[in-house]
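Student: Could we go through this structure by question and answer?

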Amino acid sequence: MNSSPFSPFSANRPRRLRQSPALRRLVTETRLSAEQLVLPLFAVPGKKVRRAVNSMPGVFQLSVDELVLEARAAHELGVPAVLLFGIPEKKDARASGAYAARGIVQRAVRELKKALPELLVITDVCLCEYMSHGHCGLIHAGDKSGRVQNDPTLELLARTAASHAEAGADLVAPSDMMDGRVRAIRTRLDKQGFNDTPIMSYAAKFASAFYGPFREAAESAPQFGDRRSYQMDAANTNEALREVALDLAEGADIVLVKPALAYLDVIHRVKTEFGFPTAAYSVSGEYSMIKAAAQNGWIDERAVTMEGLLAMRRAGADILITYAAKEVARWLQE
Ligand SMILES: [Zn+2]
């Protein structure tokens, strides 16, 4: 190859391969496929409930009957998996709704697996939606600092994961960021005979302002303090790798980075350094920013959404969790 700017360059004309759509497709390095998509869904009590989440146009809180319809529509478009969050009837200081045998997520899993046995049902394993204070684990009574007690929380997380597996979940996805929770969950699952239930761990979950709209959807905003004593500092990537290494050593099968677009370097390092199946969670703020700008006519929603997902794939993500999964799957068919 001749790289001098003063020499004849005709041997190297990269534009030769950009001349037509067919040529460009032939040499494309990264592809999007519906098979890589996971659609997050929010289950609420009741029947025929389809409550719009104002800050996330196109996203709804769904009663189990409606949730099955939504999952079916996505599955028919080629989306292979959903990720379930639950909003319980009642919250308390021990998150008992999270591990109740007839809890909202457990019911949703059962109905989904009955109606759509081929659909992969992944469950979010966390306590924040079920805790009266909105934090991801146990807090000493009267403590207003938001400091979650790590080790006593592990037992509740393990119970929650096991109850999801019991209901028929295909994968469990702990998102709390407590130390040691993957091992606690793996041990509990194995003890109850769920040796084959994989764990997708939110290994590098950052304390991010991009989660804003989700807290309306999941009704999980902390009542006091913030999550910075357990979620990661946005400034750190070496620490993210240590978190991933720990989760893998504890038995994680898939590792997840959250958020996605502002953390592409983290996704890239996680994928290149560990080579494990890696998921990117394109979070509510990423989704809502695109929706808002598109509603104003400022950007092309479809093009920007696809470009963002392609960037996550380029960075190394194998699995793309996005609120736009259904639309993306439809666009990919066109
Ligand atoms: Zn949580």
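This is a predicted model: local features need pLDDT of at least 70, side-chain atom pairs count only at pLDDT 80 or more; totals for chains, interfaces and linings use all residues.

Student: Is Cys136 buried or exposed?

Tutor: The cut-off for buried is under 20% relative accessible area. Cys128, at 7% relative accessibility, falls under it. Cys136 has a relative accessible area of 1%, so Cys136 is buried.

Student: Where do the buried residues Val266, Ile267 and Val270 lie around the axis of helix 8?

Tutor: Val266, Ile267 and Val270 are buried in helix 8. They span an arc of only 100° around the axis. An α-helix has 3.6 residues a turn, so residues three or four places apart point the same way. The arc therefore places these residues on the same side of helix 8.

Student: Which elements cover the buried residues of helix 8?

Tutor: The cover includes strands as well as helices. Among the strands are strand 7 (200-205), strand 8 (254-258) and strand 9 (278-281). The helices include helix 7 (238-250) and helix 10 (301-315).

Student: Which residues is Phe274 in contact with, leaving aside its neighbours within four places in sequence?

Tutor: Phe274 is in helix 8, which covers residues 264-274. Phe274 counts as partly exposed because its relative accessibility is 26%. Beyond its sequence neighbours, Phe274 is in contact with Leu241, Val244, Ala245, Leu248 and Arg269.

Conventions. Residues are numbered from 1 along each chain as its sequence is written. Side-chain values use heavy atoms; hydrogens and water are left out. Helices (H or I, at least four residues) and strands (E, at least two) are DSSP runs, numbered from the N terminus. Buried means under 20% relative accessible area, exposed over 50%, partly exposed in between (1.4 Å probe, protein chains only). Contact means heavy atoms within 4.5 Å. The arc is that of the directions from the helix axis to the C-beta atoms.
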